[in-house]
Amino acid sequence: MGEILKSLKAAIWFMFLTFPIMVIKVNPIEDTVVWRWMNMAYIGVGVFFLSFLWRFMLARRNQGKKAEESGKARMPIGQRIAEEPKIKYPAIALVGAFALTIPFWADMYNTNIMTNVLIYVMLGLGLNIVVGLAGLLDLGYVAFYAVGAYSYALLNHHFGANFWVVLPMAGFLGAAFGVALGFPVLRLRGDYLAIVTLGFGEIIRLVLENWNEFSMGPSGIANIDRPPFFGIKMDLFQKTDFMYYVVLALAILTIIAVTRLKNSRIGRAWIALREDEIACQAMGVDRTKTKLMAFALGATWASMAGVVFAAKSTFINPPSFSFWESVLILVIVVMGGMGSVVGVILGASIIVLLPEYFREFSEYRMILFGGAMVLMMVFRPTGIVTAMRQKYTIHK
Amino acid sequence: MLELVNVNTYYGNIHALKDVSIKVEQGEIITLIGANGAGKTTTLMSISGIVPPRSGEILFEGKPIQGMPPHEIVSMGLCQVPEGRRIFPHLTVSENLDMGAFLRKDASQVKQDLDYVYELFPRLSERRTQQGGTLSGGEQQMLAISRALMARPRLLLLDEPSLGLAPIIVKQIFQIIRKINEESRTTIFLVEQNANLALQVAQRGYVMETGKVTMTDTSDNLLANEEVKNAYLGMGE
């Protein structure tokens, strides 16, 4: 009963607050004032329901916490799927089958979107190494994405370099850039690190935008070749489908690599370094090497994703690598669940697919993102899927 | 085995260690006692390279190690149990122990050492899949010591193992420290505020005051010394 009263109060309060903008409408041409009383009613009812829902969810959350403390909490659905082998393997098979068959039943538009999702999965997983595991907040991650994209675009444009040759090269180049960024920021942590990496990302973008002789400036590079397949000639549809499979293969490679890393000694060293640097040093973990490795590995995946992006869109220019892009990737990681592979895949799908399919709401995208992030922080601060690692045991 | 010669260490402008000279012989337990802020922890940090000294020499088995990065010092067989335990709260007990063996590649011997450690602390063996942060203070200290043992050090630096623990647990831990010293011939450098207990396990002791070593003698003599009694053992008039 008290809850209803509280929600009622909130509704009345909102009706009062929004009265001037929602109800009164002045028509300056005819010098009349239109009173839109219906709007007030809508707001009242809407706020009442939302407020009630909010309270209900909060109460549920608290109940969940109590249940957790007493040890009889039900695992969240995401966790159950990921942990129980009975559900886990069929789920993987289902998702795998879905992913493999997309080009057969989806049109080109949708295949393209799914390719995008996979590129973001790669980016998200790469950033997950840096942010989720090593705990280094990198806001300039998109710089490495740009390095990969531009290295392929330029090599292809000037020398006609092959996609398959550039892909590993760009990986190494990305790692080199990762080390180059990592070196000066080794001593920084938290906010300071975030600011420096943000600056780094912007520097790369500005260089690309202004150094016309090198990167052709804001006009970008066009007519980049798609990946060839043993010299077979393909029409546009086949090319799109082939591109999809290339990205799928790379994404799967990324997933395997990141999972292996996460459960390896170096993965544990990253987590340990995040938790206690002094203890790590006392155990003989080389702080410099370990951190640089995180930066380099993260950058490698971003750079390879960049190559794929350039090959897929056949045209790149600096605005594709703005700060917003870094934020987007970070949102994928945070929303999906820091350190969790499944979470990042889910996060990437949501972040890429929702704006695609709800284009009508594109003007409200920022509001929805903000709202979603706030809700996430309140109800699931560890992300959609909480990270978990294989319990490590030493075998005989 | 370990020798510090006129070591000076600074935190910025603060002169924390002033011409500290300490000698540790193979196979012994020595202790460094002193009040808060005397520079005991800094001494250990200087030895393990986490806070490198500005001048002076540190010789480990005859080789100078001052200025070497911490991971190289660890790989030479010198491992520190840092003050306040500093275990990794989100790693499980066995993962914490594996972090101790971070630099080792001999998997079969790591396994052996793991068994030894679990034998030493059966409590840890029961809790091997539990996260480090969920252990009690005493268990965390056991874990911290075990983690350092996993590096198979020839010299173990222990920083305040009694910190914040119940007397009965402290007693247990000191028994184990002695056991480690006897069984695996590990030399132990023990830093303690609890001077009484420390001097009972150690063969020799150093007393430190405001960054300087002021006294050194065998434990028995130090225990009998009037000054030490007054200042650290709480047995003065």
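Among contacts in chain A between residues at least 6 apart in sequence, what share join residues at least 24 apart? The figure is 75%, with contact meaning heavy atoms within 4.5 Å.

Ground rules, quickly. This is a predicted model, where local features need pLDDT of at least 70, side-chain atom pairs count only at pLDDT 80 or more, and totals for chains, interfaces and linings use all residues. Residues are numbered from 1 along each chain as its sequence is written, chains are lettered from A and ligands numbered from 1 in the order in which they are written, and side-chain values use heavy atoms, with hydrogens and water left out.

Scores next. The model has ipTM 0.86 and pTM 0.82. Chain B averages a pLDDT of 90, and 99% of its residues score at least 70. pLDDT is the predictor's confidence in each residue, from 0 to 100.

Now chain A. Its secondary structure comes to 16 helices and two strands. Those are DSSP runs, numbered from the N terminus: helices are H or I with at least four residues, strands are E with at least two. The C-alpha trace spans about 70 × 65 × 45 Å along its principal axes. Of its 396 residues, 43% count as buried. Buried means under 20% relative accessible area, exposed means over 50%, and partly exposed is in between, using a 1.4 Å probe and protein chains only.

Take A:Asn62, in helix α2 (residues 37–69) of chain A. At 36% relative accessibility, A:Asn62 is partly exposed. Its C-alpha atom is 21 Å from that of A:Gly371, 309 residues away along the chain.

Next, helix α15 (residues 341–357) of chain A. Its 17 residues should span 24 Å at 1.5 Å a residue, and the end C-alpha atoms are 24 Å apart, which agrees. The expected span is 1.5 Å times one less than the number of residues. Buried residues of this helix include A:Val344, A:Ala348 and A:Ile351. The buried set packs against α5 (108–133), α10 (236–262), α14 (323–336) and α16 (365–379) of chain A.

On to charges. There are 15 salt bridges over all chains. A salt bridge is a side-chain nitrogen of Lys or Arg within 4 Å of a carboxyl oxygen of Asp or Glu.

One is A:Glu202 with A:Arg205, at 2.9 Å, N to O. They sit three residues apart in helix α8 (residues 190–210) of chain A, so about one helical turn separates them. A:Glu202 is partly exposed at 22%. A:Arg205 is buried at 18%.

Which chains does the next pair join? B:Asp98 and A:Arg265 meet in a salt bridge at 3.0 Å, N to O. B:Asp98 lies in helix α3 (residues 93–100) of chain B and A:Arg265 in helix α11 (residues 265–275) of chain A, so the pair joins two chains. B:Asp98 is buried at 1%, and A:Arg265 is partly exposed at 24%.

Last, B:Lys40, in helix α1 (residues 40–47) of chain B. B:Lys40 is buried yet has no salt bridge. The nearest side chain of opposite charge, B:Glu160, is 4.0 Å away. Here Lys and Arg count as positive, Asp and Glu as negative; His and the chain ends are not counted. Beyond its neighbours within four places in sequence, B:Lys40 contacts residues including B:Leu32, B:Val191 and B:Met208.
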